[in-house]
Every structure is written in C-alpha cells, then in structure tokens.
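Hi everyone, thanks for making time this morning.

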Amino acid sequence: MALDLFKEKGVPLDRQVFTWKDMVQRPYSKLDDDAFTRVRVILMNGIESDALRFKHIVARFNRQLREPLALIRRVEQHQQTLVNWLNPADQSPVETTLGFEQVAIEVTASVALKEPDPYLAQAYRFGMLEDFDHLYRYSALYDRIEGKDPNYLIQSYSDIRPGRPTAVEHRHPLDDLRRPYDMRTAHPLTKIHALLITAAEFQTHDFYMTIGPMFADPVARQLYAEIASIEEQHVTQYGSLIDPDQSVLEQWLMHEAMELYCYYSCLQYEGNARIKGIWQRMVDYELGHLHYVMELFQRLGGRDPAEVLPATLPDLIDFKSHREFVRRTLAQEVDLRANGTEFVDKAEIPPGHRSILYRDQLNSEGSPTETVAAGYQWTPGTELNARVQRVGVGPEGRLQ
C-alpha cells in the first residue's frame, strides 16, 4: 500500500522516547535469520549514522536551525543505537564486513535498476562492480583467518567471484567526481538514491577505518587499508551526484524523506516479525521527523514541501538477489574506467593518465587485495572440503 507523505503524520517528535532496555534488544541470528535481515540492519545503521553526521555539520554553519537539528538528532542517536545493537555479538568483524559488501552489491543493484537518470544509473553500476570484487577479496580473507565458508552468511543471494579488480580501482581524486543531478528537474527518486547510497558507502568507509587496525594478521590490516581507500572514492563519487545548489532546508527535507523511504522498504520485506515491528516503529518516527521539517521548510524557507516531495514514496528498494543483473553488468562493463566525470572503455585511457600514475604509485609495493586472493577460488565448504573432493576419502574417513 502506498504511503501518503502528506496525510500520514506518524508519531510527533515529543512522543518519540526510549529507555536503555528499549534501545538494546535481542539481536538477529547470523545463521538462522535471512541474510537480508542483516543487510537491512547494516543499511539502516548507515542511514541513521549519516543523518547524525549531516545534522552536526549543518549546525556548525546555521545558527537558525541549531535547536530543531538538536531535537531530531537526539532521537536519531537512539534510533541508530536500537538498529546497530541488533547486530549479534557472535558475528566476527570479518563476518560483519561480508554483510557490508552484500549491502553494497544488492542495494546498489536495486538502485541502479530503478534510477530514472541514465548517467546516475551508470555511476551506480560502476561502483557496484567494485563492491562486488570487495566481497570476493574479503571472502578470501575469511577463509584465510577463520577457515569458514562465506556462503553461510551470504546464503547464495550474491555470487562470490572477482569483479573489477580492486587493484585497478584506484583513481586520481578528479576522476572520482561526477556530474550532479539538477535539483530543478531531477526526479525525487534520483535525489533519494544519491543520499542513501552516499550514506551507505560512508558507513562502510568508517567501519573499515575503525576495524582494520584491530587485526593482527598483516595481510588483513593492509587489505582493510586498501579497500577503505576505495570506499572513500565511492563516497566522493556518490556524494558528488548531489546538487550542491540545494538549500540546507531542502537537503534536510530530502534526507528525512530518504530515511522514511528506506525504513518503509525494510518494512515491506522483513520476515522476522520482531524486527518487522521495529521497522514499523521507525517508519512512524520518521513520518514525525518529515512533518516537523516540512513545517520548517514552509515557515523558514517560504516554500511548499509539495514542490520537492512526491505525494507517495516512489519505487522502493528491492531486498532480493540481483545475481543475473550483476552478472550481466560484469560481462558488459567490467572494463569501464573513469576519465573525469565520464565512463569510458579502458582502451581509451592513454598511457601516463593521472589515474594510471596514481594507481601505479599506490601498488608499487604490491596490492593487498591481490595478495589475499592469490590462489583463492570460492568452493562450498571451504578449502578443506575442496581438498576432500580433490584427493578423495579412504577407509575410516582418512584423506588419501
């Protein structure tokens, strides 16, 4: 059922309250729950994290909005706590990392398929192939340090195979900037997409920068350093799609619409009844936030929110496997490279191009993503099972 953004007002801001027990609830099961429950939890933690980041930064430059920003920001702090604490304690940092990359693949694939602007859709496909490769590299690390099969977590929704090799993803900063949408003509879904993918990638970058130094394995430490650098590139790419000429109030209004859009998408797909109830509560809270900002937009900005908001939420995120779309994109676009704001075939990049020089310098002492995956090929059941299949099993279950 379509959600009417102007009629449905949700829970008023002053009634959005929490207790500590309310915030710290029983987490999902990393093996028994559907993999997309993890995907949704990780995505929404990133969305709430970006909501806090955006509001803190705006408050540094806008005296008039400091009080309303602070009021909503505190609720969003507790929303993020509730969502983030749904991650289970028995999920290792590498397992959480695999979930991050599955988010990047499947959510970005859904966005790329639904994006009305062909140029932005291309940008999403471009980044998706790079995150697809990251899942493969981290799967090799998972096998290296834990000896486990990543598909226990991925649940066959996403392929575990190379994408555009991470070693060639490193680009000069000016080759990560993209042409922004035009706020005057862009579809509301285009604005929502750019905000949500930027938020998701920002969270991934911050997580890798936090967790990377905590590993003792030297390859793991270097691997997180390398892929964190690519995530910064992705934040640069997706963030540059947002029209910088939008007013602060308009960006805030669209951010609230984006949060509601994401929670409502989660609500439609969630199979865990307890967590589905959390998504419903967050939808009601975000409706309250949206209407609070709609009033500010009208009173302080002197504009009708209907100028920028759709009447109902546009086509929602599909939390499902996009394997065939990813495979097709990989076959057709793996050799694309960035030259300024444009995507071109790698054959069109001249020798000595700034991104080639940049990449060669970074990789001059080797690429951790190449090192970790050397000789790795995902096989169900991990390397031990592959060895059993290769050499056979003799009497009494002994390897021959």
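**Salt bridges, a pocket and a hairpin**

Let's begin with Arg 137, which is buried, at a relative accessible area of 4%. What does the side chain of Arg 137 meet in a salt bridge? The partner is Glu 370, at 3.4 Å from N to O. Glu 370 sits in helix 13 and Arg 137 in helix 5, so this pair ties together parts 233 residues apart in sequence. Glu 370 itself is partly exposed, with 38% relative accessibility. Please keep in mind that this is a predicted model.

Arg 184 and Asp 182 meet through their side chains at 2.8 Å, N to O. Here Arg 184 is exposed at 70% relative accessibility, while Asp 182 is partly exposed at 26%. There is also a network: Lys 55, Glu 76, Glu 256 and Glu 259 are joined by salt bridges that share partners.

The largest pocket has a volume of about 320 Å³. Its lining counts 16 residues, and those closest to the centre are Asp 50, Phe 54, Ile 57, Val 58 and Gln 251. Helix 2 gives the largest share of that lining, six residues. By class, the lining has eight nonpolar, six polar and two charged residues.

Last stop, the hairpin. Strand 1 and strand 2 run antiparallel and are joined by four bridges, with Ala 338 opposite Phe 343. Two residues lie between the strands, and Gly 340 takes a positive phi near 65 degrees.

Thanks, and I'm happy to chat!

Conventions:
Residues numbered from 1 in each chain as written. Predicted model: local features only at pLDDT ≥ 70, side-chain atom pairs only at ≥ 80, totals over all residues. Heavy atoms only, no water. 1 Å grid on protein atoms, 1.4 Å probe; cavity = no way out; pocket = protein on both sides within 12 Å on 5 of 7 lines; lining within 4 Å. Points joined across faces, edges and corners; volume = space filled by probe spheres on them. Nonpolar A, V, L, I, M, F, W, Y, C, P; charged D, E, K, R; others polar. Pairing = 2+ DSSP bridges. Salt bridge = Lys/Arg side-chain N within 4 Å of Asp/Glu carboxyl O. Buried < 20%, exposed > 50% of the residue type's maximum accessible area, 1.4 Å probe, protein only.
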